[in-house]
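Hi everyone, thanks for coming. Please have a look at the protein on the screen, and then we'll walk through it together.

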Amino acid sequence: MSIRAGELGPLLVGRIVTALRRIHYVFEEAVDAEEGAIEFTFEDGDVFLFDSGSDGSELRVQRERWVDPFESPLPPENVEYVAEYGKYTAFDVSSSTPYAGLIGASIDAVDEILLPDSRVSGLVVTVGGSVVRFETLADELRVQITSGV
């Protein structure tokens, strides 16, 4: 889903967050929680997945849940690949700090972070007194949550 400036706010404002997942890279059981996609599930069951775009600077938005391409059972060649290189894994963070404070809250505002050519590279989302900032930086999505704003 290609998003132009000004389109995301009307799609998100007023929605109630019911679940959040982060997609992090895992290698040898070490989780890189510094970066990775974020997935919002809303009261009506709609899902928005936000991640770094293929160009490394534009925000990619999908209206679907993230699906693990390496979900079990894996063929032997994929088992070897995952053991050698790792893989992305979804984590339900709905009950984890600082994400738990967003569950059950309504999105109050969405401000876009724009590139010089007006493409969207990230969002600043106000959710029930917290601010969630996510932005594509050097091919990765960085997420920062400030609670009690």
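Let's begin with a term: the radius of gyration here is taken over C-alpha atoms, and the rule for a globule is 2.2 Å times the number of residues to the power 0.38. With 149 residues, that rule puts a compact globule near 15 Å, and our protein has 16 Å, so the two agree. Keep in mind that this is a predicted model. Along its principal axes, the C-alpha trace spans about 45 × 35 × 25 Å.

Now, what is it built from? The protein has two helices and nine strands, and from the N terminus on they run α-β-β-β-β-α-β-β-β-β-β.

Let's zoom in on some strands. E1, residues 17–27, runs antiparallel to E2, residues 30–42, and nine bridges join them. Two residues sit between these strands in a hairpin, where Glu28 in the turn has a positive phi of about 50°. E2 is also joined to E3, residues 47–52, by four bridges, again antiparallel. In that hairpin there are four residues between the strands, and Gly45 takes a positive phi near 90°. You can follow Phe40 across: Leu20 has Phe40 as its bridge partner in E2, and Phe40 has Phe48 as its partner in E3.

Next, the inside. The largest nonpolar core has 26 residues, and Phe50 is among those with the most contacts inside it. Strand E7, residues 120–127, gives the largest share of this core, four residues. What does Phe50 touch, leaving out residues up to four places away in sequence? Its partners include Leu12, Phe40, Leu59, Leu123 and Phe134.

Notes. Residues are numbered from 1 along each chain as its sequence is written. This is a predicted model: local features need pLDDT of at least 70, side-chain atom pairs count only at pLDDT 80 or more; totals for chains, interfaces and linings use all residues. Side-chain values use heavy atoms; hydrogens and water are left out. Two strands pair if DSSP finds at least two bridges between them. A nonpolar core is a set of buried Ala, Val, Leu, Ile, Met, Phe, Trp, Tyr and Cys residues joined through side-chain atoms within 4.5 Å. Buried means under 20% relative accessible area, exposed over 50%, partly exposed in between (1.4 Å probe, protein chains only). Contact means heavy atoms within 4.5 Å.
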